[in-house]
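Have a look at the model first, and then we can walk through it together.

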Amino acid sequence: MTTLEGISGPGRLAEPGEGISAQELALAARNHGMPLEALRYDLTPVGLHYLLIHYDIPEIAAPDWRLRLDGLFTQPLELDLAALRALPARTARVTMECAGNGRAGLDPRPISQPWLVEAVGTAEWTGVPLKTLIESAGIDPAAVELVFTGADHGVERGVEQDYQRSLPLDVAMGEEVLLAYAMNGRPLPPQHGFPVRLVVPGWYGMAHVKWLVGITAVAEPFAGFQQAVAYRLRQDTQEPGEPVTRIAPRALLIPPGFPDFMSRTRVVRPGTVRLRGRAWSGREPVASVHVSVDNGHTWAPADLEPPGEHRWAWRAWAFRWEATPGEHVLMARAITTGGQMQPERQIWNRGGFANNAAQRVEVLCTP
Ligand SMILES: Nc1nc2c(c(=O)[nH]1)N[C@H]1C(S)=C(S)[C@@H](COP(=O)(O)O)O[C@H]1N2
Ligand SMILES: [Mo]
């Protein structure tokens, strides 16, 4: 009989020149990205927001749903949806990005969900601050982390599991962390975590646990698969590595002109082309965006929308380019208030996480 290890072996790196497999295609078809032209919207229309679902979308009927707070709480709680919705709510505009965004561009390519750069989207999430529930359940002083459990179940690299992730208590207590039941003003759709998900503004997607059914306060840092095995920055699977946490700065271009169907090469006409895009960072805020129209040889600052009320959302930028006939490589990169700048070349790690190399867009300018 096949064992669970047998159907779901260890993580692998692609051999030199090895193409995207049918298994990677199956993942990519389930977990679609955001078409980059959707960078034009402040708020991503729900159906265009990227998706990442490790296992299956679980079946949850709203009347049956319960959220259980257990472990090191002084007053363990169980709530239904009506009870959650009766609590004071907040709405926050949040840019979410998968930690594996950019993975397919790495060499060698870690075999997993093969994102190019489109694993991003911005939504307005409405829900109850997590802090409100932690305070009413009362936290035991021995607790160091909260473990969040999703209703989805699967097997990954031989380990059968519920999808689970933890947050340190100080992060979980942040005013901005939400138990969200609405996305862009409507109940969450099944694929985005119906009926309730965690939203941790500024953190990569894996922290925003969907189909949330449990919150457990624990005395030791959580060592579950998605915390201690997956989502670590390391060169080799043997190293413990560093945990993946907050979103590294990134700028992306709305693809200019029009595309070639197969190659996706962009075609523009000579003359003034207004380049536009978005930039974001879950660490310190973006201070500027620089654009290169000559494949990174020279850079010039773009006009960047000033920071507004939406600290955790992407900001628009624009740049005037005088296009001349021929082939061009456009690039954009974000620089934070503390001087963190996107690298021009990929910085490799074994899982292909948090790699925020500056985007390159090939453009053909024809009369
Ligand atoms: N329960 C559960 N939560 C989950 C996941 C999952 O597979 N199961 N995927 C995570 C990952 S890796 C990402 S990037 C985000 C994606 O959120 P979205 O599909 O709403 O864009 O959800 C996170 N939350
Ligand atoms: Mo992700």
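Which residue is the bridge partner of Gly277 in strand 20? It is Trp317. This is a predicted model, in which local features need pLDDT of at least 70 and side-chain atom pairs count only at pLDDT 80 or more, while totals for chains, interfaces and linings use all residues. Residues are numbered from 1 along each chain as its sequence is written, chains are lettered from A and ligands numbered from 1 in the order in which they are written, and side-chain values use heavy atoms, with hydrogens and water left out.

- Strands here are DSSP runs of E with at least two residues, and helices are runs of H or I with at least four residues, numbered from the N terminus.
- An open sheet has its 4 strands in the order 13-16-20-19, with antiparallel pairing; two strands pair if DSSP finds at least two bridges between them.
- Strand 13 (250–253) and strand 19 (303–304) are the edge strands, and each pairs on one side only.
- Strand 16 (residues 271–280) and strand 20 (residues 315–323) run antiparallel and are joined by 9 bridges.

- Strand 21 (residues 326–336) pairs with strand 22 (residues 359–365) in the antiparallel sense over 7 bridges, and Leu330 stands opposite Val361 in strand 22.
- Strand 17 (residues 286–292) is joined to strand 21 by 6 bridges, and these two run antiparallel; Val286 has Thr336 in strand 21 as its bridge partner.
- Strand 17 also pairs with strand 18 in the antiparallel sense, over 2 bridges, where His290 stands opposite Pro301.

**Ligand 1**

- There are 20 residues around ligand 1, and His54, Asp152, His192, Arg197 and Lys210 come nearest; a residue counts as near if one of its heavy atoms lies within 4 Å.
- Polar contacts are pairs of N or O atoms within 3.5 Å; within protein, one must be able to donate a hydrogen and the other to accept it, and residues adjacent in sequence count only if both atoms are side-chain atoms.
- The side chain of Arg197 has an N or O atom 2.7 Å from an oxygen atom of ligand 1.
- For Leu52, a polar backbone atom is 3.0 Å from an oxygen atom of ligand 1, and for His49, a polar side-chain atom lies 3.4 Å from an oxygen atom of ligand 1.
- On its own, ligand 1 has 530 Å² of accessible area, and the protein covers 100% of it; such areas come from the Shrake-Rupley method with a 1.4 Å probe, and for residues only the protein chains shown count as cover.

**Two buried residues**

- Buried means under 20% relative accessible area, exposed means over 50%, and partly exposed lies in between (1.4 Å probe, protein chains only).
- His208 sits in the loop between strand 9 (197–199) and strand 10 (212–218), and is buried at a relative accessible area of 2%.
- Beyond four places in sequence, His208 touches residues including Met96, Arg197 and Trp203.
- Thr149 belongs to strand 5 (residues 145–156) and is buried as well, at 11%; among its contacts beyond four places in sequence are Asp162, Tyr163 and Trp211.

**Backbone features to look at**

- Most residues other than glycine have a negative phi, and most peptide bonds are trans.
- The peptide bond from Asp107 to Pro108 is cis, and Pro108 lies in the loop between strand 3 (90–97) and strand 4 (120–129).
- Phe194 to Pro195 is also a cis peptide bond, with omega near 0°.
- Asn295 has a positive phi near 60° and is partly exposed at 33% relative accessible area.
- Ala354, in the loop between strand 21 and strand 22, has a positive phi of about 55° and is buried, with a relative accessible area of 19%.

Conventions
Contact means heavy atoms within 4.5 Å.
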